[in-house]
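Here are my notes on this model, point by point. Please read them with the coordinates open.

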Amino acid sequence: MNWLTNFVKPRINALVNRKRDVPGNLWQTCPSCGQMIFARDLKANLSVCQHCGHHLRVSAVERFAMLFDDGVHARVETPAVVQDPLKFRDHKRYPDRLKDSRARSGEKDAMLVAEGKIGGQPTVIAALDFGFMGGSMGLAVGEAFLAAAARAIAAKAALVAVTASGGARMQEGILSLMQMPRTTIAVEQMHEAGLPYIVVLTDPTTGGVTASFAMLGDIAIAEPGAQIGFAGPRVIEKTIREQLPEGFQRAEYLLDHGMVDMVVPRAKLRETLAQVIDLLMRPKAAAPAAVEPAPADGRA
Amino acid sequence: MNRFLDFEKPIAELEGKLAELRQLGDAGGAGIGEELANLESKVEKLLRQTYAKLTPWQKTQVARHQDRPQFSAIVAGMVEGFTPLAGDRAFADDKAIQGGIGRIRGRAVMIIGHEKGSDTASRLKHNFGMARPEGYRKAIRLMGLADRFGLPVVTLVDTPGAFPGIDAEARGQAEAIARSTEATLGLGVPVVACVIGEGGSGGAIALAAANRVLMFEHAVYSVISPEACSSILWRGTDKAELAAEALRLTAQDLFQLKVVDAVIPEPIGGAHRDPKAAIRSLADAIERNLTELDGQSRSSLKARRRHKFLDLGKVGL
């Protein structure tokens with residue numbers, strides 16, 4: 001951990017990632033098995049390594065393309081919030097960190113909201129982007145999630161949260177902690193409206209996000225191999241001074257311990273969501289036509 | 001004898017002199033009475049001055065002081081007929097979260113809170129106030145009980161955080177915290193939470209999504225401990241002092257942010273110097289807040305609690 005890994009590498013990555021589609025950056029390495037994957041194959045395979053099945057992290061925008069019917073969706077505007085409410089600074093000012101993340105992502109904050117249809121049913125998706133300050137939850141994420149629930153309720157739609165987060169955003173201090181009850185209120189509002197709220201837990205989902213809206217789904221789905229937990233593994237190791245068991249805090253571990261309903265590979269995710277949303281939203285209707293598997297590049 | 005904190009050295013020296021003088025006084029020297037009174041007023045003045053301008057890091061140390069009144073002492077001091085209730089009915093009884101029914105100034109309440117313990121043996125027994133999922137699930141059960149019988153819920157928050165351990169994760173620590181917050185928000189009875197020492201992150205908010213959130217004058221309440229924040233953002237725990245400042249974790253800052261509704265004054269030199277007075281002042285505040293919440297319907301209590309949290313974050317510092 002030094003200036004190179006903290007500062008230079010993210011910048012370089014940002015430059016490289018922006019050019020993902022141009023020739024010259026045709027290959028990517030799987031972070032799990034280390035094998036080279038042809039970038040186009042990776043995209044066609046929904047960013048799942050074809051060698052080892054590892055599910056690579058994907059952005060919120062890619063999620064929308066993968067999950068909505070034909071990838072068709074409209075973004076839902078998220079409310080503006082007070083910037084840097086605590087005037088927080090470590091060796092860098094918080095507004096500067098925000099500015100960097102915004103420049104890199106072209107987005108305002110870590111949660112994006114969109115509406116469209118899944119399996120023909122109206123659905124709002126609130127997706128966290130791990131690339132934006134580790135998907136951390138501050139005022140903007142809390143407001144975005146509340147807005148997503150409000151939109152779902154207004155449109156009588158299902159709400160799907162796709163989580164990927166390191167937890168609360170330290171730079172907003174106590175106000176980030178307050179997003180735990182605030183997002184929980186949004187889930188309660190969904191319950192009161194009688195609309196389904198489904199959570200898709202992806203790698204990684206930890207801290208305050210797990211300990212609030214991510215664990216309150218009517219149905220909890222996890223992606224294979226995703227790390228999901230409350231405390232970070234390093235904190236646990238330091239506290240108990242023991243090695244952590246194999247597979248600890250992985251999606252399959254949570255399934256074994258009764259914490260999620262299912263572990264669903266990305267290629268089946270859209271289909272699974274369509275099925276549960278249909279069952280919960282149209283209890284008396286006849287079965288719908290089978291849902292097409294997600295198209296190759298997330299679009300028709 | 002007081003256990004002194006690092007920044008209290010000048011106070012410790014004066015109190016040392018005071019003790020010596022008292023011994024001499026017992027021997028019956030002339031003019032000592034006057035000097036004693038003089039020194040006593042000096043100590044009080046120094047305590048008052050020091051505690052009037054504690055830094056956030058100093059407050060963190062005071063909030064964690066071993067002699068600060070803990071759940072059990074507070075309950076003994078202000079709850080009549082306290083009847084402890086145990087267990088989550090699913091797995092175990094977590095000693096880090098205690099709860100039960102009793103009366104505060106004549107009013108029957110459900111009181112739930114973290115217990116840190118006050119000496120090595122009891123600290124181990126209560127796991128330093130770091131609860132496991134079964135602790136939060138016990139809290140949920142007790143809140144449900146209170147809700148059915150119309151008892152107001154009073155919570156006392158004092159935890160470094162939820163326990164980060166393998167067993168806690170295996171049994172769904174995150175889910176337990178989320179459900180506890182959800183249960184608190186859904187109650188149709190008044191809920192008053194008080195941060196009495198350390199309000200540590202998710203482990204604290206699980207018991208603090210209340211109609212009224214009170215905080216002792218020198219308590220702290222934060223999304224992350226200054227040490228952990230320092231190790232993440234400054235890459236070393238030695239910047240905890242800076243982190244404590246940046247995090248704005250004092251009762252005074254949180255009052256300004258409207259996260260805290262009232263700051264409960266502590267005796268001169270902190271709650272640990274006069275626990276009885278501190279507990280009295282806490283009981284006053286709880287009684288006052290419960291009285292103010294009297295007569296509200298179940299739906300109004302829930303709706304107003306919701307609005308209180310939805311309105312947060314509109315103002316910065």
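1. Arg105(B) is partly exposed, with a relative accessible area of 36%. This is a predicted model. The side chain of Arg105(B) meets that of Asp284(B) in a salt bridge, at 2.7 Å from N to O. Arg105(B) sits in the loop between strand 2 (97–104) and strand 3 (107–114) of chain B, while Asp284(B) belongs to helix 13 (residues 275–293) of chain B, so the pair ties together parts that are 179 residues apart in sequence. Asp284(B) is partly exposed too, with a relative accessible area of 35%.

2. Chain A has a salt bridge between the side chains of Glu77(A) and Lys108(A), at 3.4 Å from N to O. Glu77(A) is in the loop between strand 3 and helix 4 (94–105) of chain A, and Lys108(A) is in the loop between helix 4 and strand 4 of chain A, so the bridge ties together parts that are 31 residues apart in sequence. Glu77(A) is exposed, with a relative accessible area of 64%. Lys108(A) is partly exposed, at 40%.

3. Asp238(B) and Lys239(B) also meet through their side chains in a salt bridge, with 3.5 Å from N to O. Asp238(B) is exposed, with a relative accessible area of 59%. Lys239(B) counts as partly exposed, at 32% relative accessibility.

4. How many salt bridges does the structure hold over all chains? The total is 44. Some are linked: Arg64(B), Lys116(B), Asp158(B), Glu198(B) and Glu227(B) belong to a network of salt bridges. Side chains of opposite charge can pair when their charged atoms come close.

5. Now the domains of chain B. Domain 1 covers 6–53 and domain 2 covers 60–310. Their centres, taken over C-alpha atoms, are separated by 35 Å. In contact are 8 residues of domain 1 of chain B and 8 residues of domain 2 of chain B. The area buried between these two domains is about 680 Å², and carbon and sulfur atoms give 62% of that. On the side of domain 1 of chain B, Phe7(B), Leu47(B) and Tyr51(B) lose the most area to domain 2 of chain B, together 64% of what that side buries.

6. Glu8(B) and Arg273(B) meet in a salt bridge through their side chains, at 3.0 Å from N to O. On the side of domain 1 of chain B, helix 1 (9–27) and helix 2 (32–52) of chain B are the elements that give two or more residues. Helix 2 of chain B gives the most, with 4 residues. By class, that side divides into 4 nonpolar, no polar and 4 charged residues.

7. Next, the chain interface. Here 49 residues of chain B are in contact with 53 residues of chain A. The two chains bury about 4200 Å² between them, 72% of it on carbon and sulfur atoms. In chain B, Ile166(B), Glu169(B) and Leu233(B) lose the most area to chain A, together 16% of what that side buries.

8. Which charged and polar pairs cross from chain B to chain A? The rule finds 3 salt bridges across this interface. Arg306(B) forms a salt bridge with Glu192(A), the closest N and O atoms being 2.6 Å apart. Several elements of chain B give two or more residues to the side that touches chain A, including helix 7 (166–170), helix 10 (226–233) and helix 14 (298–310). Helix 8 of chain B gives the most, with 9 residues. That side has 28 nonpolar, 10 polar and 11 charged residues.

9. Last, two places in chain A. Helix 3 (residues 60–67) of chain A is mostly covered, with 6 of its 8 residues buried. Among them are Arg63(A), Phe64(A) and Leu67(A). Gln227(A) lies in the loop between strand 8 (219–222) and helix 9 (233–240) of chain A. Gln227(A) counts as buried, at 14% relative accessibility.

Technical notes. Residues numbered from 1 in each chain as written. Chains lettered and ligands numbered in written order. Predicted model: local features only at pLDDT ≥ 70, side-chain atom pairs only at ≥ 80, totals over all residues. Heavy atoms only, no water. Domains from an automatic or database assignment. Contact = heavy atoms within 4.5 Å. Buried area = accessible area lost by both parts, 1.4 Å probe. Salt bridge = Lys/Arg side-chain N within 4 Å of Asp/Glu carboxyl O. Nonpolar A, V, L, I, M, F, W, Y, C, P; charged D, E, K, R; others polar. Buried < 20%, exposed > 50% of the residue type's maximum accessible area, 1.4 Å probe, protein only.
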